[in-house]
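Subject: Structure for you to look at

Hello,

Here is the structure I said I would pass on. My notes on it follow below.

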Amino acid sequence: MKQDASAEETLKRWQDEEAAVRARIFGRGVATREQMAGLTGLQQMQLLLDGKAPAPPISETLDFALIEVAHGRAIFQGKPSPRLLNPLGTVHGGWYATLLDSAVGCAVHTAMPIGRAYTTLELKLNIVKGISLKVPLVRAEGYTVHVGRQTATAEGRLYGADGTLYAHASTTCLVFEMPAEKG
């Protein structure tokens, strides 16, 4: 987050960026193998961001969106809502985990060469502050730490437009060759 912008300016910028992304979404679903074949992980993620592949259904279920990708980096944004509350009246920790898992996992995804894929082996989440409905938007930003032939690691942070840190996470992923399509 840019430190020179006020929380209100940052929130407005985030809202505008999300509106632009959501305007490009043409549907929900899972991309086909044909859509993703011959592309790097970053190219695959860019297809999603550009609206040339369907947005995953979970992003609608939990009201979050992919906002930005670059090699080794992914940003997701989510809106707290009453349907995400736990019995204590704060956002359920599973929502934090899903946003951060998406950010750190997709950061790894952007670093995959053609024909390689990954799956999460471990996700470690630290919640440091509760999110109430007074928080209009949060961002989960993930960065790769290591990407090797067999494993990859990434870290991420979940924060508000005012810079408040709500959680941080790390992941370890198994990297593998995409299996051949069964015919």
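Are phenylalanine 64 and phenylalanine 76 buried or exposed? Phenylalanine 64 and phenylalanine 76 are both buried, where buried means under 20% relative accessible area, exposed means over 50%, and partly exposed is in between (1.4 Å probe, protein chains only).

Before the rest, two notes on how to read the values. The model is predicted, so local features need pLDDT of at least 70 and side-chain atom pairs count only at pLDDT 80 or more, while totals for chains, interfaces and linings use all residues. Residues are numbered from 1 along each chain as its sequence is written, and side-chain values use heavy atoms, with hydrogens and water left out.

Overall picture

The protein has five helices and six strands, which are DSSP runs numbered from the N terminus (helices H or I, at least four residues; strands E, at least two). Read from the N terminus, the order is α-α-α-α-β-β-α-β-β-β-β. The radius of gyration is 16 Å, close to the 16 Å from the globule rule for 183 residues, so the protein is as compact as a globular protein of that length. That radius is taken over C-alpha atoms, and the rule is 2.2 Å times the number of residues to the power 0.38. Along the principal axes, the C-alpha atoms fill a box of roughly 50 × 35 × 35 Å. Of the 183 residues, 40% are buried. Among contacts (heavy atoms within 4.5 Å) with a separation of 6 or more, 67% are between residues 24 or more positions apart.

Helix 1

Helix 1 covers residues 7-24, which is 18 residues. From first C-alpha to last it reaches 26 Å, close to the 26 Å expected at 1.5 Å a residue; the expected span is 1.5 Å times one less than the number of residues. Its buried residues are Thr10, Leu11, Trp14, Glu18 and Val21. They cover an arc of only 95° around the axis, which puts them on the same side of helix 1; the arc is that of the directions from the helix axis to the C-beta atoms. The exposed residues Glu8 and Ala23 sit on the face turned away from that buried side. Cover for the buried residues includes helix 3 (41-50), strand 1 (64-70), strand 2 (73-78), strand 4 (138-147) and strand 5 (151-160).

Aromatic pairs

There are two aromatic pairs in the structure. Rings of Phe, Tyr and Trp (its six-membered ring) pair if their centres lie within 6.5 Å; planes under 30 degrees apart count as stacked, over 60 as edge-to-face and the rest as tilted. Tryptophan 14 and tyrosine 159 pair edge-to-face, at 5.8 Å centre to centre with 65° between the planes. Because tryptophan 14 lies in helix 1 and tyrosine 159 in strand 5, this pair ties together parts 145 residues apart in sequence. Tryptophan 14 is buried at a relative accessible area of 1%, and tyrosine 159 is buried at 9%. Phenylalanine 64 and phenylalanine 76 also pair edge-to-face, at 5.8 Å and 65°. Phenylalanine 64 is in strand 1 and phenylalanine 76 in strand 2, 12 residues apart.

Leucine 137

Leucine 137 lies in the loop between strand 3 (116-127) and strand 4, and is buried with a relative accessible area of 3%. Leucine 137 and leucine 11 are 126 residues apart in sequence, but their C-alpha atoms are 7.5 Å apart in space. Residues that leucine 137 touches, not counting those up to four places away in sequence, include Leu11, Trp14, Glu18 and Gly160.

Regards
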